[in-house]
Amino acid sequence: MTALGVVEHLRNLAADPQNRATIVKDQGCLAGLVLFLDNEDVNVVNTALEALKFLSEFQPNRSKMKEEIGMVISLKTIMHKEGYHSKARQLAKEVYQNIISTVKTPSSRRARHTSQSFFLGNLNKRAKVVTLHIKGLANQVTRKLCEEELLKVKGVISFTFVMNKSRCIVRCKVELTPETLCDAINNTKVLSAQQVIKNERGEEVMLSFGKAPAKSCGRGNSSTLPDYLPEDDEDTVISDKAITRVGDDKENGWFSSVTSFFSKTLY
């Protein structure tokens, strides 16, 4: 099954209002559609956007779609992409407006804080975010090497790259240590990873595990520092989309064939 075939299948399913809740709840389908927004084939992108538009027309889906890692960033990137296909830009705008217009309720008080990071607003007690600075992360080849190693690490939920800063932001289970993530990337032999954290003054600190000494922009005791580096700017456009582990610790849904395609062929 080709990429276009997969998104056409999902779009056709999403066109039926009775399927929309199930598609969004299914593990992998929504994340897969987000990944397709970075496809080189504009037909794939347009079809994925059409599917997302159908899904966003079902009001109960909007909150989950807004919180999906990479969703808002991907839509903004397409909306502001100069010279890009006009239909894609319009569809992205419509989907964005639908999911942003989610009605706020008292139970969503924390939503006001999600503007600080599209990761941190969606965290729970079982997950945390670790930011890594990766020396040697410069192109698609080294990115691919990094992806392959991170996908092998048990406990990784998802990750996204900020290529212009040579960084990888990893969402993972709380029991997974930053050292384990760095060791996995160091296994490539061509990449070297350090954890990026902030000290009590808000200054960035690089923590190394093993060979390289830690480097810091400021002073402070590393033992009191947090496990993550919050992203401060919601409007930062990240063209490299988040990659989400598919099917980790969950049963396959009734879209298992599509989910399998996402996990085996996209990356």
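Student: Why is C29 called buried?

Tutor: The relative accessibility of C29 is 0%. A residue is buried under 20% relative accessible area, exposed over 50% and partly exposed in between, with a 1.4 Å probe and protein chains only. C29 therefore counts as buried. The model is predicted, so local features need pLDDT of at least 70 and side-chain atom pairs count only at pLDDT 80 or more, while totals for chains, interfaces and linings use all residues. Residues are numbered from 1 along each chain as its sequence is written, and side-chain values use heavy atoms, with hydrogens and water left out.

Student: What makes C182 buried, and how many disulfides does the structure hold?

Tutor: C182 has 1% relative accessibility, so C182 counts as buried. A disulfide requires a pair of cysteine sulfur atoms within 2.5 Å, and the structure holds 0 of them.

Student: What makes K189 exposed, and where does K189 lie?

Tutor: Its relative accessibility is 72%, which is over the 50% cut-off, so K189 counts as exposed. K189 lies in the loop between α9 (178-186) and β4 (192-198). Helices (H or I, at least four residues) and strands (E, at least two) are DSSP runs, numbered from the N terminus. By that rule the chain has 10 helices and 7 strands.

Student: How do you know that the buried residues of α7 line one face of the helix?

Tutor: Helix α7 (residues 86-100) has A88, L91, A92, V95, Y96 and I99 buried. Seen down the axis, these residues fall within an arc of 135 degrees, taken from the directions from the helix axis to the C-beta atoms, so they line one face. They pack against α4 (42-56), α5 (62-67) and α6 (71-79).

Student: How does the span of α7 compare with the expected one?

Tutor: The expected span is 1.5 Å times one less than the number of residues. Helix α7 has 15 residues and reaches 21 Å from its first C-alpha to its last, close to the 21 Å expected.

Student: Which residues of the largest nonpolar core have the most contacts inside it?

Tutor: A nonpolar core is a set of buried Ala, Val, Leu, Ile, Met, Phe, Trp, Tyr and Cys residues joined through side-chain atoms within 4.5 Å. The largest has 33 residues, and those with the most contacts inside it are L49, L52, L55, M65 and L75. Its largest share, 7 residues, comes from α4. A second, separate core has 21 residues, including V153, F159, F161 and M163.

Student: What does L52 touch?

Tutor: Contact means heavy atoms within 4.5 Å. Leaving aside neighbours within four places in sequence, L52 is in contact with L30, L33, L37, M65, M71 and V95.

Student: Why is V45 called buried, and where is V45 found?

Tutor: V45 is found in helix α4. Its relative accessible area is 0%, so V45 is buried. Not counting residues up to four places away in sequence, V45 touches F36, L37, N39, I78, Y84 and A88.
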